[in-house]
Amino acid sequence: MKRLWLRFFYSFPIQLLLLHFRKYQILLIFWAILFSTINGGFAKLFGGDALYLAPEYMGKVNFYSTTVMGVATAIFTMSWNITTFILHSGRFKFLATTSQPFFRYCLNNAIIPGVFLLNLLWRGWQYQRWQELNSIPQVFLLAEGFICGFLVVIFFSFFYFFNADKNIGRRLYKKFGNPRNFLKTVLKPTQERDENTLPVINYFSSPWRVRRARNVDHYNKHYLDNIFKQHHFAAMITVGLALVFLVIMAYLMDYNAFRIPAGASVMIFFAFLIGVAGAYAYLLETWAIPILIGLILGMNWMVKNQWIDNRNKAYGLDYIEKDKRPLYSVQSLQDFFTASRSEADKKQTLQILENWKAKFPAGSKPPFIVINTSGGGSRSAAWTMNVLQRYDSLTKGKLLKHTMLMTGASGGMMGATYFRELYLREQMGKLNGPDLYDSLYCDRISRDLLNSVFSSFAVNDFITPFRHFYIGKNRYAKDRGYAFEMQLNINTDNVLNKTVSDYREAEFTAKIPMMIWCATINADGRRLFISPQPVSYLCAADYQYPTRSIRDIDGVDFGQFFNLQHAEHLRVTSAIRMSATFPYVLPNVFLPSNPIVDVMDAGIRDNFGQETSLRFLYTFREWINENTSGVIFMQIRDTRKNDVSPIKQKKDLGDLIFEPLFSMQAHWMSMQDFHQDHLINYMEGYFPGKFKRLIFQYVPQQAEKAAALSLHLTPREKQDIARGLENPGNIQAFQLLQEALEEFK
C-alpha cells in the first residue's frame, strides 16, 4: 500500500500539480477567475457567466459561436501549457530523453485544464437548458461546436511541436558533429548536481499508458538544458503569434464578422498575459521584479505627464481649443449659473409648457405626467421599454401625450430614449418598421451589449490603446466606450445615431416630452444635466441663507457650460453612456473644462431620477397648479421598493472585517429611496390633492432567479421581465393611472 501511495505521489501529474501551487501561483489566478466566473461567482452581477456559457457571435448563440469559444479555450490552455513548460520543464530532466517532450508534458499537465473543461461543459448544459431555453439536440450541437473548435487548435499545436522536435534533433546532431562526438558529449556525466530537479517515478506516455521515468544522471546536464532551450524558443514563437492575432483582431473589430464572442476575447487575452508573464520571468530571471517595478514607475510618469493620454471623451465635443475651456471651480460656477440666467431659462421652459398645453382642448386642464426611470443596465432598459409600450398602448397614446418630462439614470434612460425616438418617428410618419408597440423594439433594446464591451476591453483597451477615430477634427479613442455606442446603434437600427440638439425643436414644440440625461461629476458629486434646452434653473436650490448672498450650485447645465465646446453636437449615445457609466465596465468620460473633470453613472447621486424631476416640479409649481388638473408622478424601477436583503444570523471573520467598509455601498439604493420618499412628502404639499405617485417595479417570478444587473439578458430573463407587467402591484398601479387620467379631466 505504501508503495502504491509513493508511486501515486511521485507520479508526474501529481508533482506538476503540486508545483503549480508552490511556484508562480500568480498563473493560477487566471484559472481561479475562469472557474469562479462560469460557476456564477466572479462578475455574476454583470452577467459574466453568460460570456462563456452563451457566447454570441454576430448576435447569435449557435454552432459557430461555440466553435470560436472552443478555439479560444484551446488557445488559453495551450498558452498555459507552453508557459508552465518554459518555467518548469528544467525540473523534470527525464523529459529531454523522451520523444515529443512537450506532448508528454501537456498530457501530464492536464488535471487543471481537464477539470475546467468538464466544469465548463456541465455548466454550459445547465445554462443552455434553463436560461437560454434550448432543446437537448440544440445543446448537443453547441457542445459539438465547442469540442470541434477546441480539438482543431490542439491538433495544430501538437503538429507544430512534433515538427519542432524533429528540427531540434537535427540542429543538435549538426552542432556536435559526427555520431561518436554526439554520443560522447551526451553521455558524459555532469559533475555538478542540479538541485532544482524534482523526483518523478512514472508518467503518462500516452493517455492509456504509464511509463517509468528514465534516470538521467548519466546524461550531460548542459545537453539536456540545450534541448529545453530549443523547445522554449519554439514555445515563445507562439506567444508572439498570439500578440499578432490580438492586434489584427483589434483593427478588424469594426467589422461585424471579426467581433468574436467576448468570452473568447477574454480567453485569448488571458492566454497572451500568461505567455508574456512566462516569457518575461524566463528571460529576465532574477531581474524580473526590479525591471517590473521600473516599468510601472515609468508608465506612471508618462500617464501623469500626459505622454500617454487615452482618456475617454464625449463624442461630438470639441477638445482641441484648450484656451476656450470653461474654468471649473466653485466661484466660476457661481459666476456662470446666475439667478438672471436661471430666470431666462425658466421663461423658455414656460413657453414649452404652453406649447404642451396647446395640444389639448382650449380651456381644459390636462393631467401633467412626469416619468422617472431607474438605473440597472439592460434589465432596466428592457423593463422601461415594456412598461412604456404596454401602458401607452392601453391608454391609446395618452401616456406619452400627457408626459412633459422624462428623466432617470443608466439603463432606464437607454430604454426611455429609444421609446421616445420611436414615438417621435411615429408622429412624423417615419417609423420604418412595425407598430410602435411591437415586441420587436423590446427585443432590440435588450440585445447584448456586454459582448462588444468586454471584447473591446480585452483587445482594444490593453493591446492597441493607440487606435482612434475622428469626428470632424476631434480625435477619440476606440475603446470599450466606442464599442458600447457602436453596438447600441447596431441593436437599435441606428435610430439613436443623432445629436442631442436634433431633439431641440421637437421638444420645444412639445411633440415629444422633454428629456434630461444626468451624470455624476466625480470631482465633487455635482449632477451634470444634459438637455437640448437650457435648464440652469435645475443647477441650484431656490433657498438662500440670510448670511450668504451667493447661490449654492449643485449641478451643471451641460449645454450652456460647454457651449464653446459645441455641446449641441454631443451624440445621443454618448449622453446615454455618460448616464450609464458603471465603474470599470465603461470608461469615465472626461469633459473639456479647466481643470478637466470626469463623469460617471447618474446612479451614484440619484439612481431613480426623482430628485431632478422634483426640482423641476417645484420650479414650475405655480404654472402647473394653475394650468393642469394635477401631477401624475410615475416611477419605473427595476428593483423592488423597500426590499430587505437576507440578514445573516451568523457572521464569519470576513464579515467582521469587510462589512464596516462596504455597508454603505450595499445599502446605497435603499438610502436613496428613503431620502427621496422624504422629498416627495414635501412635494405633495405644493400640489394639495393633485399629486398621484405611481410605482411600476420589476418583481421577478422567483427572487433567486431575477435578471442580472448586466448588459446581457438571457431569453429566460427577458421573459421574466415581460411577465413582471402581470404582477398584482403593477396591475393595480395601472388601474390607478387610468383612474387618475379620468379623474383629472
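A polar contact is taken here as a pair of N or O atoms within 3.5 Å, of which, within protein, one must be able to donate a hydrogen and the other to accept it. In the predicted model, the side chains of serine 374 and aspartate 638 are joined by such a contact, at 3.0 Å. Serine 374 lies in the loop that runs between β4 (368-373) and α15 (377-394). The relative accessible area of serine 374 is 1%, under the 20% limit, and the residue is therefore classed as buried. Apart from residues up to four places away in sequence, serine 374 touches Ser380, Ala409, Gly411, Gly412, Asn607, Phe608, Ile636, Arg637 and Asp638.

Helix α17 comprises residues 410-427, and its axis lies 6 Å from that of α15, at an angle of about 40 degrees. This angle makes α15 oblique to α17. The crossing of α15 over α17 is right-handed. On the α15 side, the contact is made by Gly377, Ser380, Ala381, Thr384, Met385, Leu388, Gln389 and Asp392. The residues contributed by α17 are Ser410, Gly411, Gly412, Met414, Gly415, Ala416, Tyr418, Phe419 and Leu422.

Glutamine 560 is buried, with a relative accessible area of 16%. When neighbours within four places in sequence are set aside, the residues in contact with glutamine 560 are Phe336, Arg341, Asp345, Pro534, Val535 and Ser536.

Helix α25 (residues 610-619) is largely enclosed by the rest of the structure, because nine of its 10 residues are buried. The buried set consists of Gln610, Glu611, Thr612, Ser613, Leu614, Arg615, Phe616, Leu617 and Thr619.

The unreviewed UniProt entry annotates residues 21-43, 63-82, 102-122, 142-162, 233-252, 258-280 and 287-303 as "transmembrane region". Two of these spans were examined for secondary structure. Residues 21-43 are 57% helix and 0% strand, with 24 Å between the end C-alpha atoms.

Methods. Residues are numbered from 1 along each chain as its sequence is written. This is a predicted model: local features need pLDDT of at least 70, side-chain atom pairs count only at pLDDT 80 or more; totals for chains, interfaces and linings use all residues. Side-chain values use heavy atoms; hydrogens and water are left out. UniProt positions are given in the numbering used here, feature names are shortened, and annotations may be inferred rather than shown by experiment. Helices (H or I, at least four residues) and strands (E, at least two) are DSSP runs, numbered from the N terminus. Buried means under 20% relative accessible area, exposed over 50%, partly exposed in between (1.4 Å probe, protein chains only). Contact means heavy atoms within 4.5 Å. Axes are lines fitted to C-alpha atoms, for helices over the stretch in contact, and angles run from 0 to 180 degrees between N-to-C directions. Angles under 35 degrees count as roughly parallel, over 145 as roughly antiparallel, 65 to 115 as roughly perpendicular and the rest as oblique. A crossing is left-handed if the near helix is turned anticlockwise from the far one by less than a right angle, and right-handed if clockwise.
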